[in-house]
2 protein chains.
Amino acid sequence: MATFIEPKILKGFRDFLPAGEIARRGLVERMEACFRSFGFVPIDTPALEYAEILLGKGGGETEKQIYRFKDNGNRDVALRFDLTVPFARFVAEHRGELSLPFKRYHIAKVWRGENTQRGRYREFTQCDFDIVGSDSPAADFEILLMMKQTFQSLGIGNITIRINHRGIFNRFLERLGLRDRSADILRTVDKLGKIGRDETLRLLSESAGNAAQTILGYIETAGTFEEILRSITEASGGESPESRRIARIRRFMDDTGIADSFVLDPSITRGLDYYTGVVYETFLNDLPDIGSVCSGGRYDNLTGLYAKESLGGVGSSVGLDRLIAALEALGKGETASSYSKIAVACVKEEDGGLYQTLAGRLRTAGIPCEAFLEEAKLAKQCVLAEKKGAQWLIIPGARPLTDPLALRNLKKRENQEGLSLDDIIQILRA
Amino acid sequence: MATFIEPKILKGFRDFLPAGEIARRGLVERMEACFRSFGFVPIDTPALEYAEILLGKGGGETEKQIYRFKDNGNRDVALRFDLTVPFARFVAEHRGELSLPFKRYHIAKVWRGENTQRGRYREFTQCDFDIVGSDSPAADFEILLMMKQTFQSLGIGNITIRINHRGIFNRFLERLGLRDRSADILRTVDKLGKIGRDETLRLLSESAGNAAQTILGYIETAGTFEEILRSITEASGGESPESRRIARIRRFMDDTGIADSFVLDPSITRGLDYYTGVVYETFLNDLPDIGSVCSGGRYDNLTGLYAKESLGGVGSSVGLDRLIAALEALGKGETASSYSKIAVACVKEEDGGLYQTLAGRLRTAGIPCEAFLEEAKLAKQCVLAEKKGAQWLIIPGARPLTDPLALRNLKKRENQEGLSLDDIIQILRA
C-alpha cells in the first residue's frame, strides 16, 4: 500500500489561494502604479545573503528571529528579515551606478522566525519606498505626499499621518539634562499608545526620574499643528533647524492642499534606533485601532556599516498584511476570484479550436475570457462558471464562428439569444 | 577607526538595479496580462517548506542542490527548488477549495545550489502555468495556444513549438520489446540536440542494443506535421488514443490559425520522468541556439505523493532569465531606467509644494512625473534628468502654478517657452 506525505505547510507560513492572491496583487499593483507615477524605480536583492551582512553589528532580537544556516559550501547565510539592511548593502555596493537622490521602491518577502502566537507570520511581504541622498525637507515631504496618494488610490484616503521630529525631542531632553537617556526614553514614549499613560509614566520615571511628568506633558501637547509646533519649539529651546524643517514641511502640505491629513504628534518616536529626523505613522480614520499601516522616517546614516561615505535618506514601509486586514474590515477588500468575468461554454469538444477563436476575439478587445474545455450539460457549465467567479457564459451554436450566439447572465439566470460577438462586447462594456 | 563589512552578495545570486528590474517587471507584467486574459488565476506558496514535502521520495540531483537546514524549532526545512512540487502539495492540500479544471499561474523565485560555473544562477524566477484536472486535448491545446499568445505579446511571436507525445514513443518501444528501458531511452533521446547524432547512437546502443538505429530513424522522422504523424503512428502499431490526441490538437491549431508555429518532432521527450503525454519545447526562430525558452507537457499524477486521488494536468514553464537574454540578443530588450519620462525642475526649494502640485496634475493625467527636490543650476538638473532616463524637464516660473512654463527637450537641447500645463500634456501625448 502506498503511503502519503501529509500535505502541510510550516506554521507562520501561508498558501495564497486565487482569491487571496488576486486581492494581494491588486493592492500591490495599485501601490506600484502610484510609486511609479512619482518617478520611483524598483530594485530587487537576493532573498539569501551572508549572515554577516544582514546581522551587521546587531544581534539581540534580530539574531534570535533570523533564519540562518550553513549552505552546501559551508557559508554562513541567512534569509533577509527586512528590506532596509539589504538596501543599505545595495546602495553601498552600487553607489557608483546610482544617480542621487535615488528614489526606489522594493516590494518583496522577508522572513522572521517570530512567535506565531501573537498572530504574526514568519513569511510576509514588505513594501518599502525611500529617497536616498537628499537631506532636503522636500524629500521628507515627497514621501509623505506619496503615502497620502497611495492610500487615496487604494480607496482609503481618509487617513491621519502623525508626524514628529526626533531632533526637536532630543533638544528638549538636552535641556532636561537627559540627552544620554534619549534612546531609552524614545523607546518608552513609542509605547504610549500600547501601554497607556500610567505605565508610560512609571517607565519614564525609571529613566528620567523627576522629569517623567514634564516629558509626559511634552508628548501630550495638544492643539493645532501650529500651536503644537510653537509649544514644542519653545520647550526645546526655541527655533532650530529641526523646527524650521517641520514648518517647511507644513508649508508644503498647505501648498498641495493635503494639510488636513496631518497631525503633529510629539509622542510619535518610532522604536527603531536608526531614525534621526522626521518620523511618522499612518492611521485609518475609520479603523484607528488596527494601528499604523505605514510608518517611517529620516535616517542620516544608511550605509555606514558597509562604506565610509555616509548617505542619509527618508523612507516609509507599508505592512501589506495589516493593510489587507484593514480593507477587509472596512468592506473594501477585493473579492474577485478571477480576472475573467465571462466564459465560452464547450458544446462539442472537437470545436475547441473555434471556441478559442471566439474567446480570442474577446481577449483582443481587452476582455479576459476563459474557454471551457470539456463537454458537459450546460447547467453544469453554468455552475462551474459561477464558481470560478464569472458573470456571463457564451453559448455558441453548431457553427461557432458564424451562428448567432446566446449569452447567459448567470446572476439573473436569463439568456439573450441571437447575438453577434460585437453585441456581446457592447453588453460587457456597458 | 571604524571597520566596514564588505558589501557583497553570494555567488550565483543577483542584485537587480532599476533598469534590469524594470525590464524583468515589464516582461512579467506582459506575461501575466496574457495568462489573465485566458482566465488563469495566480496563487502563491511559501518559499520555505518541510524538506520532506519538497524532496518527496526523491533524492539524487535535487537533494544535492537544495538549500536545506534546521530552523530554530529544529524542523527539517528547505527552500523550494521549483514551483511544481509546491503546486502538487498545494493542490492536494486545498483540493476541496478548487474548482476543476483549475487553471493557475505562479511566478516566483526558486533556489538551487547549482554549479555557477555553467552560468547558472542559484536564485532565479520561474513562470509556471498549468491546467489541472482535465484530461482533454483541449487542455493540452490551451496551454500551447497561451504559449503562442504570450510570445506574441512579448513581441517575439516568431517561434517554433516542437511537440511530441511520449505515449506514441512508448508504444513504439513496446513493439521493439524495449518498454522497460523507456525511461533511459527517453532521457537519451532528449539529449540529441546537445550531444549530437553519433553520441546519441552510442548511448542508445547501450540501452537498446541493435534497435538503436531503428530508434534513431524514428526520432529523425522528417516531413510535414501530417506525414510525421502518419509515420510514427505506423511505427507505433497504428492508430491509438495518443495519435488521435495529436490529430485532435492539430485540428485545434488549424481552427485557430496557428498551425504554422508547430512542428511534430519525435525527438522531443523532456528529460523529466513525470511527463506522461504530450511534451513540447519552444524555440525562437531568430535565435534557435539559445535553446528552449518555454517547455512543458502532460503529467497524469501530480498529487500522488500527497493524496490518494490522482490528478492529472498539463503545464508549461518559462525561463525568465533565458528569455531576457534572448530579448537582449535580439535588440528587443526593455532599456528604460525609469517609468517617468518627465521631471519638474526645482528652481526655488521652498516652492517644493507647488512643484509637487504641478507634477501631481501630470500624474492625474496618467503621466508619471518626478519632482526634483533640491535647488541646483538648471544645467545640472538637466544632466540628472537625463541620467534618470527622462526626456523632458519642466522649468516652472516664479509663481509656479500661474506663470507660463518652459519645457526642455533634453535630447534636442531645446526649450519651448510660454506653455500651459495642458500644452505640455498635449506635447507628451503626441
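Two strands count as paired if DSSP finds at least two bridges between them. With that in hand, please keep in mind that this is a predicted model.

**Strands in chain A**
- Strand β14 (residues 392-395) of chain A runs parallel to strand β12 (residues 342-344) of chain A, and three bridges join them.
- Within this pairing, A343(A) has L393(A) of β14(A) as its bridge partner.
- β14(A) is also joined by four bridges to strand β15 (residues 405-409) of chain A, and here the strands run antiparallel.
- Opposite W392(A) you will find N409(A), which belongs to β15(A).

**A helix crossing between the chains**
- Helix α13 (residues 352-364) of chain A meets helix α11 (residues 241-256) of chain B, with axes that come within 7 Å and cross at roughly 35°.
- This crossing of α13(A) and α11(B) is right-handed.
- On the α13(A) side, the contact is made by G352(A), G353(A), L354(A), Q356(A) and T357(A), while α11(B) brings R251(B), F252(B), D254(B), D255(B) and T256(B).
- Sorted by class, the residues of this contact are two nonpolar, five polar and three charged.

**How the two copies are related**
- Chain A superposes on chain B by a rotation of 180° with 0.0 Å of shift along the axis, at an RMSD of 0.0 Å.
- This is therefore the relation of a two-fold axis.
- Both copies use the same surface, as 100% of the contact residues of chain A recur in chain B.
- F69(A) is the residue of chain A that comes closest to the rotation axis, with its C-alpha at 3.2 Å.

Key: Residues numbered from 1 in each chain as written. Chains lettered and ligands numbered in written order. Predicted model: local features only at pLDDT ≥ 70, side-chain atom pairs only at ≥ 80, totals over all residues. Helix = DSSP H or I, 4+ residues; strand = E, 2+ residues; numbered from the N terminus. Axes fitted to C-alpha atoms, helices over the stretch in contact; angles between N-to-C directions. Left-handed = near helix turned anticlockwise from the far one by under 90°. Contact = placed C-beta atoms within 7 Å. Nonpolar A, V, L, I, M, F, W, Y, C, P; charged D, E, K, R; others polar. Least-squares fit on C-alpha atoms with pLDDT ≥ 70 in both.
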